[in-house]
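Visitor: I would like to learn how to read helix packing, ring pairs and confidence scores. Please take them one at a time.

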Amino acid sequence: MCEQSYWSPLEDPPTVSPLDDPTRQGHVLSKNYSLSRRPRVYSGENLFCPQENTEEALLLLLISESMANRDAVLSRIPEHNNDRIISLQSASVVYDLLTIALGRRGQYEMLSECLERAMKFAFEEFHLWYQLALSLMAAGKSARAVKVLKECIRLKPDEPTIPLLAVKLCVGPLHWLDEGESFAKMVIDMGEKAAEFRAKGYLAVGLASLRSTQEEYQRKALGAFQRAQSLSPTDHLAAFYLALQLAVSRQIPEALGYVRQALQLQGDDVHSLHLLALLLSAQKHYHDALNIIEMALSEYPENFNLLYTKVKLESMCRGPEEALLTCKHMLQIWKSFYNLTNPSTFTVLVLLYKAAARIALSPETKVYFRSSSVFLRRSVHATSIAASRVEQALSEVASSLQSSAPKQGPLHPWMTLAQIWLARRCVYISMSKPAEAAACTQEASNLFPTSHNVLYMRGQIAELRGNMDEAKRWYEEALSINPTHVKSMQRLGLILHQLQRYSLSEKVLRDAVQDKRICPLVFLSTAHDVWNSLGEVLQAQGNTAAATECFITALELEASSPILPFTIIPRAL
């Protein structure tokens, strides 16, 4: 619909159309758009009248979609072939318009529901399957999106972008790394047909190979990233992931070279800037790292990963008071970024559109078009049905108003808030303020009471207060939830050492450095602390030679340890 030739449904139509410009080429005659009689306005219960053009457009599209579903020709016998093609084309046009209207407003949940209704006549129709897959991806229904993408791959086996979309979901929200690798190999096996997407296939293989703690898979990931970078030397992502893999392997100089190359190709990439700051902190250039983080925050002020790193660097460079101010700023950003108490008006309106469409499209409905407005009248026979449907739709509205549905998934904002409180707690711990640290931990515990990180923090506070038995209990509870939590193992080992239980302390710390269940990417971030603690325990037992080796290993690892683990940077295709 052309907005210039459209008027509000609650206003009288214009006497002259804006398109009737005498100077316009092809202008012949002005038309009078006045109606001979005013539209009839119906009043009563169970009526819905759109208040603006957008509402009316969506309502009309919903009505058209239901009519297209109702009138679809499903028979595949030769005599009905032409009718089936025509009905499919008509339905595709309606769904394309719905995709534009709902997609521009972020109503992907509703769009996916509409496209699911089109599946009854989407046999061998790639366009509808692909639209459904994209809408499911946007709506956060990743598992179902992968299943639909498999059907799209069957329909177009030579299209490399489809398996890459499946890899994106498998590596990202689903963590189906085995299945992600199989999709990535599809792209690689296409060879020259995949063209520039072949390098993306190797990137995906590298990301999927990080599923195992074995050194073989780590080498495989590194080889895949190197292959991707050689195939696409102008792709900043290939250089970035190669730098990141080298960084977690503690090859800091080589990683710096590739991350600088990535920044030359894409100077404002947030992850490359973050990696550069972490690499500088690994080389103990903390002030330079803080300058990089502040520069990145000038471009990405709402990036919480950058803000976490800034808190750590400020604690070291400028003192904990500055870090506390940054934590307070993070809470303000969170409140403004995740406004969870006020759902958008448009979300409520869309639910009302659904209610109106359900009312309008039942068999007893009579639809009246007057001017550009749509008024709905129901028969007395269907009044009770209409009331139940409206009640159902309004309950959906009420539930959405009462719930705190986040913008990026059910848990994402609350996990972010918990991390902010825990970061603030770390600052108070460094200031030796157990009361304030306990208050921050309690805030995080209110959100995730059984989180092993929260239990670990409680143990640290108990340690700060000198209550070793309580701290030991908290660390044991954290390990009962996550048996591979390295920090809890390290602190528990030290407490057992203080309690003079040397053999058990040594066992706990050796498990921390030798347990094959612990991902090496996670372990390397805290390895120097664990090796140092193990050295202290061995020294107390009189095993000086073994303790010396542990201290040397701890010093070597500490020399390349960043301020925060490299794994804080998300990995996604």
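Visitor: What should I know before reading any value?

Guide: This is a predicted model, where local features need pLDDT of at least 70, side-chain atom pairs count only at pLDDT 80 or more, and totals for chains, interfaces and linings use all residues. Residues are numbered from 1 along each chain as its sequence is written, and side-chain values use heavy atoms, with hydrogens and water left out.

Visitor: What pLDDT does the chain average?

Guide: pLDDT is the predictor's confidence in each residue, from 0 to 100. Here the chain average is 79, and 77% of the residues score at least 70. Residues 341-409 have a pLDDT below 50, and this stretch has 115 contacts in the model beyond near neighbours in sequence; contact means heavy atoms within 4.5 Å. For residues 519-523 the pLDDT is also below 50, with 14 such contacts.

Visitor: At what angle do H10 and H11 pack?

Guide: Axes are lines fitted to C-alpha atoms, for helices over the stretch in contact, and angles run from 0 to 180 degrees between N-to-C directions. Helices are DSSP runs (H or I, at least four residues), numbered from the N terminus. H10 (residues 236-248) and H11 (residues 252-265) pack at about 160°, their axes 8 Å apart. That makes the two helices roughly antiparallel, a label for angles over 145 degrees.

Visitor: Which residues of H10 and H11 make the contact?

Guide: On H10 they include Phe 240, Leu 242 and Leu 246, and on H11 they include Glu 254, Tyr 258 and Val 259. By class, the contact has twelve nonpolar, one polar and one charged residues. Ala, Val, Leu, Ile, Met, Phe, Trp, Tyr, Cys and Pro count as nonpolar, Asp, Glu, Lys and Arg as charged, and the others, Gly among them, as polar.

Visitor: How do H5 and H6 cross?

Guide: The axes of H5 (residues 142-155) and H6 (residues 161-174) come within 9 Å and cross at roughly 160°. H5 and H6 are therefore roughly antiparallel. Their contact involves, among others, Leu 149 and Cys 152 of H5 and Leu 169 and Cys 170 of H6. The contact divides into 14 nonpolar, one polar and no charged residues.

Visitor: How many aromatic pairs are there?

Guide: Rings of Phe, Tyr and Trp (its six-membered ring) pair if their centres lie within 6.5 Å; planes under 30 degrees apart count as stacked, over 60 as edge-to-face and the rest as tilted. The count is five aromatic pairs. The rings of Phe 126 and Tyr 130 have centres 5.2 Å apart and planes at 20°, so this pair is stacked. Both residues lie in H4 (residues 126-138), four residues apart, about one turn of the helix.

Methods:
Angles under 35 degrees count as roughly parallel, over 145 as roughly antiparallel, 65 to 115 as roughly perpendicular and the rest as oblique.
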